[in-house]
Amino acid sequence: MLVADHLIKQQMHTPDRIAFSENGRDTTYRSFFVNAGRISHVLLHHGVRPGDRVCLLLSRGIDAAQGIYGILFAGACYVPLDPQNPASRLAYIMGDVRPRCIIGIGACPEWCDASVEWIDLNNPQLFGDEQHGDIDGVYRSSPEDLAAILYTSGSTGNPKGVSISCRAIDAFVFWSATTFGIGKEDRIASLAPFHFDLSLFDLFTGVYCGARTCFVPQSLTLSPKKLVAWFDEVAITSWYTVPSILGFLALRGGLAPGQLPAMKRILFAGEVFPLPGLIRLAQALPHVALYNLFGPTETNVCTFWPVQRSRLETLESVPIGGSACEAELMISDSGELLVNGPCLMSGYWQEGHVQALDHPWYHTGDRVSRNDHDELLYHGRMDRMIKSSGYRIEPAEIEAVINRFEAVRGSVLVGESDPICGQRLVAVVAGKSVDLEALRAYLKQNLVAYMQPYRFVQLQAIPLLTNGKVDYRAVAGMI
Amino acid sequence: MHDELKSFVFRELVHVLDETSFSGDDDLLEAGLDSMGIMRLVLFIEERFGVTLPDEEIEPDNIQTLNRISSWIERHR
């Protein structure tokens, strides 16, 4: 049984239970399965074959979830695109991943390569009268088949596709279901966009356990008290999210002991949870088990720490704990965390195929150490990667865009600490004649909102070391 | 106050292509103001203008446009 097979199992055992809910629309396991099957048939009809990639240009929700299962039923691999991304980034991803089809709603966007088939889910003729509630047409995946490619910021200056196999997703699903004890009575809140690895829990662990996954209405994320009221009303028991939104709720959501009685567990990952916010959350929800999950997209979750409330006041930072998903962990001589295990990606996607890993141990680029409790502590990056509001940002991707601008002779992007989003971006730009206002306008057209520099520093030249490399210490002293 | 608010919003929270043509009634949420942005905005307003904004009033109706934010602040001065 792999990934999408769990849906087949659930629709046979509990066809009438609700699988997904979104803004008052409920879909049972049976109808979710039937709809995914119809999408799968449409894909097969459009020439999708096992091993193909299919892009998904949809916001998170039932339609997108059905699309994902439909893609997997066809034996293809899903590639979620963020509709908020600038066209240039989406066009790059399309060129890199070379999908057979792209699933969306409405008209095909302009940046989309005309040779790629556009499938409009709103097209009334799309499905015909067929029902396709059978499992005969479902492709039986092998463990090493790719299930998903998630694009993340790349150090080469372009986004890179983390290729995730059915085996890797299944290892995470099994581990998360058993470790957190998710059952069919559980209700999971889903807020993470599908191009974030956090969504694997909402999409697959919930189905594996026969639970109900409820999509958080996007508008509520802007009103902390209404969001808390929604959690109460829907009786959410489980939530996997990022610390920044939890901090927002703990600070302004009016959370207090006795509230959210149904909530059993909250898992968080994606960035360091500042201790004051975590302490506040732990005090406000004393009955809820809290877990800090850790790992880059390449390894999914490789360590976790069940939050021990009694120790929070004495800690200097939140530990990332010990092995998750049966990962083997090793700390190199330089203090870098190395990971091996079933959750590891298959490799990066490059120009039409997976570049297999040349080493069994994945080098995370994260500096860690062990404390007296034999728990791992996170100390930041070995390289220049910046984490801002849960987003992972490779400075090179932004520098490459800046360097293409008129009169720019070089640039360095650095993070400076920020109490709310962790780090904010400062662009150091070489070239005295660079028009910064025009540069700002140009970046708005070419970079995602979370990659926009917070401020600019203009220099004659980027300081270099004697070996010709950028002197990052000198740069840091100038901002 | 409005100018200071506007410059904070465009410097830190939303990135629009042309700030000068963005009016006080244009939609900030459509322009990309998200939950993290709102948290920053609330903290900025409370610190800078010395007001306390009740938790239950943190919602899109009060935050959607620059004009709405201004009148929200005014109500608590």
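In this predicted model, four strands of chain A form an open sheet in the order β16-β17-β20-β21, with antiparallel pairing. The edges of that sheet are β16 (328–331) and β21 (376–381) of chain A, each of which pairs on one side only. From one strand to the next, the twist averages 45°. Within the sheet, β17 (residues 336–340) of chain A is joined to β20 (residues 362–370) of chain A by three bridges, and the two run antiparallel. A:L338 has A:H363 in β20(A) as its bridge partner.

Elsewhere in chain A, strand β3 (residues 53–56) runs parallel to β4(A), and four bridges join them. A:C55 is placed opposite A:V79 in β4(A). Between β3(A) and β4(A) the chain passes through helix α3 (residues 62–73) of chain A, giving a right-handed β-α-β crossover. Strand β4 (residues 77–80) of chain A is covered on both faces: A:C77 and A:V79 are buried on one side, A:Y78 and A:P80 on the other.

| Strand pair | Bridges | Direction |
|---|---|---|
| β3(A) and β4(A) | four bridges | parallel |
| β17(A) and β20(A) | three bridges | antiparallel |

Chain B has four helices and zero strands, in the sequence pattern α-α-α-α. Its radius of gyration is 11 Å, which agrees with the value near 11 Å for a compact globule of 77 residues. Along the principal axes, the C-alpha atoms of chain B fill a box of roughly 30 × 20 × 20 Å. Of the 77 residues in chain B, 52% are buried. Among chain B contacts between residues at least 6 apart in sequence, 60% join residues at least 24 apart. The accessible surface of chain B is about 3700 Å², and carbon and sulfur atoms account for 42% of that surface.

Notes: Residues numbered from 1 in each chain as written. Chains lettered and ligands numbered in written order. Predicted model: local features only at pLDDT ≥ 70, side-chain atom pairs only at ≥ 80, totals over all residues. Heavy atoms only, no water. Buried < 20%, exposed > 50% of the residue type's maximum accessible area, 1.4 Å probe, protein only. Pairing = 2+ DSSP bridges. Right-handed = clockwise from strand over helix to strand, strands pointing away. Axes fitted to C-alpha atoms, helices over the stretch in contact; angles between N-to-C directions. Rg over C-alpha atoms; globule rule 2.2 N^0.38 Å. Contact = heavy atoms within 4.5 Å. Areas by Shrake-Rupley, 256 points an atom, 1.4 Å probe, with all protein chains shown as cover.
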